[in-house]
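Dear colleague,

Please find below the structure that I am handing over to you. My findings follow directly after it.

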Amino acid sequence: MSKIGSVMTPVGRKALLLGSGELGKEVAIELMRYGVEVIACDRYPNAPAMQVAHRSYVFNMLDGDELHRIIELERPDHIIPEVEAIATPTLLELEKEGFNVTPTARAAWLTMNREGIRRLAAEELGITTSPYRFASTREEFEKAVEEIGIPCVVKPIMSSSGHGQSTIKTPDDIDRAWHISQEGGRAGAGRVIVEGFVNFDYEITLLTVRSCSGTVYCEPVGHIQIDGDYRYSWQPQPMSAAALASAQEIAKKVTDALGGYGIFGVELFIKGDQVIFSEVSPRPHDTGMVTMISQDLSEFGLHARALLGLPVPAIRFYGPSASRALVVEGDTDKIEFDNLEKVLAEPGVQLRIFGKPEVKGHRRMGVILATDTTVEAARAKAERAYEALSVNVLPR
Ligand code: AMP
């Protein structure tokens, strides 16, 4: 499939995005740059990608029947999962019927759930991970904690952005960790993974692109997570040659096993020269938003190009860059990003406002991007811009 016909005609290409958040919005924009018709789906109206798509559908993507109905109705050339919470068994069926799922239905299915991808990496591919156990009941959980030992990290097998995740540092934390995990999972109470705590020196996302021209890697993205949610990322993370080679080798093994075309965010913990696999997203990664300023093609541009079946022979890196997530707290449908003349006063700073319709609790609403001569300078510049920003949370 290396030709693209006129948009919205029988010869055009049609892509259906399952998930319409800030990452999906950028993918939608990149697909449109190739004249692709974009249909955005999510569980709530006016989601970021819907605001730039040709059409949208609002429904629960975990509902397999509804997912099937919409895909049969639209018959897209590309089905592009942008979140994990999708009825992935339906994607497996649709792929068998001949639909094209990015990167593959199996990749979406395996990575929807921490157990699928962990068992594939550790047990089938023999890749080093933290020690782990799975538990479905309180009794199994206590046994798992005992076997793994303290400190350990507890996460619902179906969760992201730190929801339901906590670290057990002393035996007093065990009860609390169980309750957090049962309240924070995507599908409500359920199975958890208990992982040995990895005392890493730093963690990276290795953005890995599989396209018809083979596999290429972005410069490693370093990041800091707070409560399991990303707040700062930068590129390139300095690494020893041995650690980088090992990171690329692991990324190749995992992404080859998942197959298909697109970008993958391979999350790795690094200690000295040792690389420990954590997880992988078969789609752009939140920490990779830094590539919107650091590369000729961002992770979203790379994803679009690869999934359309076009070659990605190389990635041009422009230089040290950083991102700072804008997480807003409150309960509102009206926020103002204020003082922007100061935020954007320095050269080499950019701002993205995602356009999410409301905040309940805390929500990532935007990102500041900065570029400079070193990673330290880029991070400091992003932080100065962040400090200059004021966010007005107005009453509903
Ligand atoms: P995850 O949702 O699995 O990506 O976890 C979110 C973040 O929690 C990671 O990026 C790490 O900063 C931290 N984390 C997760 N698992 C572990 C672990 N086994 N040991 C230490 N930190 C962890």
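An oxygen atom of the ligand lies 2.9 Å from an N or O atom in the side chain of E279, a polar contact being a pair of N or O atoms within 3.5 Å (within protein, one atom must be able to donate a hydrogen and the other to accept it, and residues adjacent in sequence count only if both atoms are side-chain atoms). The protein covers 93% of the 470 Å² of accessible area that the ligand has on its own; such areas come from the Shrake-Rupley method with a 1.4 Å probe, and for residues only the protein chains shown count as cover.

Please note that this is a predicted model, in which local features need pLDDT of at least 70 and side-chain atom pairs count only at pLDDT 80 or more, whereas totals for chains, interfaces and linings use all residues. Residues are numbered from 1 along each chain as its sequence is written, and side-chain values use heavy atoms, with hydrogens and water left out.

Two further side chains make polar contacts with the ligand. For E267, an N or O atom of the side chain is 2.9 Å from a ligand oxygen atom. For Q165, a polar side-chain atom lies 2.9 Å from an oxygen atom of the ligand.

The ligand is surrounded by 15 residues, of which R114, K155, V198, E203 and E267 are the closest; a residue counts as near if one of its heavy atoms lies within 4 Å of the molecule. By class, this shell holds 5 nonpolar, 4 polar and 6 charged residues. Nonpolar here denotes Ala, Val, Leu, Ile, Met, Phe, Trp, Tyr, Cys and Pro, charged denotes Asp, Glu, Lys and Arg, and the others, Gly among them, are polar. Domain 2 (131-196) and domain 3 (202-394) each supply at least three residues to the shell, the bounds coming from an automatic or database domain assignment.

As to the cysteines, the count of disulfides (pairs of cysteine sulfur atoms within 2.5 Å) is 0. C212 is in no disulfide, and the nearest cysteine sulfur, that of C218, is 16 Å away. C212 is partly exposed at 40% relative accessible area, while C218 is buried at 3%; buried means under 20%, exposed over 50%, and partly exposed in between (1.4 Å probe, protein chains only).

Finally, Q274 belongs to strand 14 (residues 274-281), strands being DSSP runs of E of at least two residues, numbered from the N terminus. Q274 is partly exposed, with a relative accessible area of 42%.

With kind regards

Key:
Helices (H or I, at least four residues) and strands (E, at least two) are DSSP runs, numbered from the N terminus.
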